[in-house]
Amino acid sequence: MAHVIDREAWAEGGRWHGEMQGMPYGAGISIVFNDFDRIGGGPRLHKHPYPETFIIRSGRALFTVGASEIEAGAGQILVVPADTPYKFRNLGPEALVTIDVHASEKFVTEWLE
């Protein structure tokens with residue numbers, strides 16, 4: 001059976017921001033929709049036991065992936081390998097909008113800071 005997931009089911013406050021875990025729908029992925037309008041906004045250091053793929057829709061981000069720093073911008077895709085500590089932040093001046101695809105039917109996160 002196909003599933004249609006309405007925006008109201010995943011979005012927070014009408015923004016393009018929220019998350020969807022795939023398990024209830026039989027999907028092998030989970031998705032985070034980020035919309036960081038504040039410069040410097042982003043998640044603190046963490047890791048997952050699976051790869052995560054970031055699709056940068058708009059804005060610029062500075063990713064810290066392991067010991068590397070990577071700047072990525074609109075139109076780029078970044079893949080962080082499984083079990084690799086990472087964090088990112090909005091470099092501005094515009095909002096950082098990303099779609100983050102977790103290669104797992106549910107979120108599994110180990111926060112490191």
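Which residue is the bridge partner of Phe36 in strand 9? In the predicted model, the position is taken by Leu96. This bridge belongs to the pairing of strand 2 with strand 9, which runs in the antiparallel sense over seven bridges. Strand 2 also pairs with strand 1 (residues 18-20), again in the antiparallel sense, here over three bridges. Within strand 2, Val32 stands opposite Glu19.

Strand 2 (residues 30-36) is largely enclosed by the rest of the structure, because seven of its seven residues are buried. In a regular strand, side chains alternate between the two faces of the sheet. In strand 2, Ser30, Val32, Asn34 and Phe36 point one way, whereas Ile31, Phe33 and Asp35 point the other way. Burial extends to both of these sets.

Ser30 is also among the residues touched by Ser104, together with Gly28, Ile29 and Tyr50, when residues up to four places away in sequence are not counted. Ser104 is located in the loop that links strand 9 (96-102) to strand 10 (110-111). Its relative accessible area is 13%, and Ser104 is therefore classed as buried, the limit being under 20%.

A nonpolar patch on the surface is formed by Ile55, Ile77 and Val79, which together contribute about 270 Å² of accessible area. Of these residues, Ile55 belongs to strand 4 (residues 52-58). Ile55 counts as partly exposed because its relative accessibility is 31%, a value in between the limits of 20% for buried and 50% for exposed residues.

Notes:
Residues numbered from 1 in each chain as written. Predicted model: local features only at pLDDT ≥ 70, side-chain atom pairs only at ≥ 80, totals over all residues. Heavy atoms only, no water. Patch = residues over 30% accessible without salt bridge, like charges linked within 9 Å, V, L, I, M, F, W, Y side chains within 5 Å. Areas by Shrake-Rupley, 256 points an atom, 1.4 Å probe, with all protein chains shown as cover. Salt bridge = Lys/Arg side-chain N within 4 Å of Asp/Glu carboxyl O. Helix = DSSP H or I, 4+ residues; strand = E, 2+ residues; numbered from the N terminus. Buried < 20%, exposed > 50% of the residue type's maximum accessible area, 1.4 Å probe, protein only. Contact = heavy atoms within 4.5 Å. Pairing = 2+ DSSP bridges.
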